[in-house]
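My comments follow as numbered points, starting with the charged side chains and moving on to the strands.

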Amino acid sequence: QVQLVESGGELVQAGGSLRLSCVASGRTFSGYAMGWFRQAPGKEREFVAAVNWSGTNRNYADSAKDRFTISRVNAKNTVYLQMNSLKPEDTAVYYCAARSPSFADSNLATASQYGYWGRGTQVTVSS
């Protein structure tokens, strides 16, 4: 059974930093792109960041550029999201997702192309 398990979410003050982790298990994720999405209360799920299998292609939402960094360690089946300069509007449940290598590498931001999802981790940024 495929599992994606996120961790690292917590309450943090504005301006602070957090690092989210996502560990994949249950199958080989060779070739899979990995992404982070988030959903705030009353809002739709939105793309945050994604990275292809080799780490050579990274996509970021405009809201995440210059503040967030996505990375992965394939040997550990783990993807990270380093979040700096956090703002109250970053408050959301953050979800990790995996995308099959059958999709082209060019656009990693399309949620419907991700076939596996974690249950999410709550990030709360206080002002």
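1. A salt bridge here is a side-chain nitrogen of Lys or Arg within 4 Å of a carboxyl oxygen of Asp or Glu. By this rule the count comes to 4 salt bridges.

2. Before you read further, please keep in mind that this is a predicted model, in which local features need pLDDT of at least 70 and side-chain atom pairs count only at pLDDT 80 or more, while totals for chains, interfaces and linings use all residues. Residues are numbered from 1 along each chain as its sequence is written, and side-chain values use heavy atoms, with hydrogens and water left out.

3. Take the pair of Asp-90 and Arg-38, whose side chains meet at 2.9 Å, N to O. Strands are DSSP runs of E with at least two residues, numbered from the N terminus. Both partners are buried, that is, under 20% relative accessible area, where exposed means over 50% and partly exposed lies in between (1.4 Å probe, protein chains only).

4. Asp-90 also meets Arg-67 in a salt bridge, at 2.8 Å from N to O. Arg-67 belongs to the loop between β6 and β7 (68-73) and Asp-90 to the loop between β8 and β9, so the pair joins parts 23 residues apart in sequence. Arg-67 is buried, with a relative accessible area of 11%, and Asp-90 counts as buried at 1%.

5. For a salt bridge in another setting, look at Lys-65 and Asp-62, with their closest N and O atoms 3.3 Å apart. Lys-65 counts as partly exposed at 42% relative accessibility, and Asp-62 as exposed at 66%.

6. Now to strand β5 (residues 46-51): 5 of its 6 residues are buried, so the rest of the structure largely encloses it. On one side, 5 bridges join β5 to strand β4 (residues 33-39), and the two run antiparallel; strands count as paired if DSSP finds at least two bridges between them. Met-34 has Val-51 as its bridge partner. The hairpin of β4 and β5 has 6 residues between the strands, and Gly-42 takes a positive phi near 75° there.

7. β5 is also joined to strand β6 (residues 58-60), by 3 bridges in an antiparallel arrangement. Val-51 stands opposite Arg-58 in β6. This hairpin has 6 residues between its strands, and Gly-55 in the turn shows a positive phi of about 85°.

Key:
Helix = DSSP H or I, 4+ residues; strand = E, 2+ residues; numbered from the N terminus.
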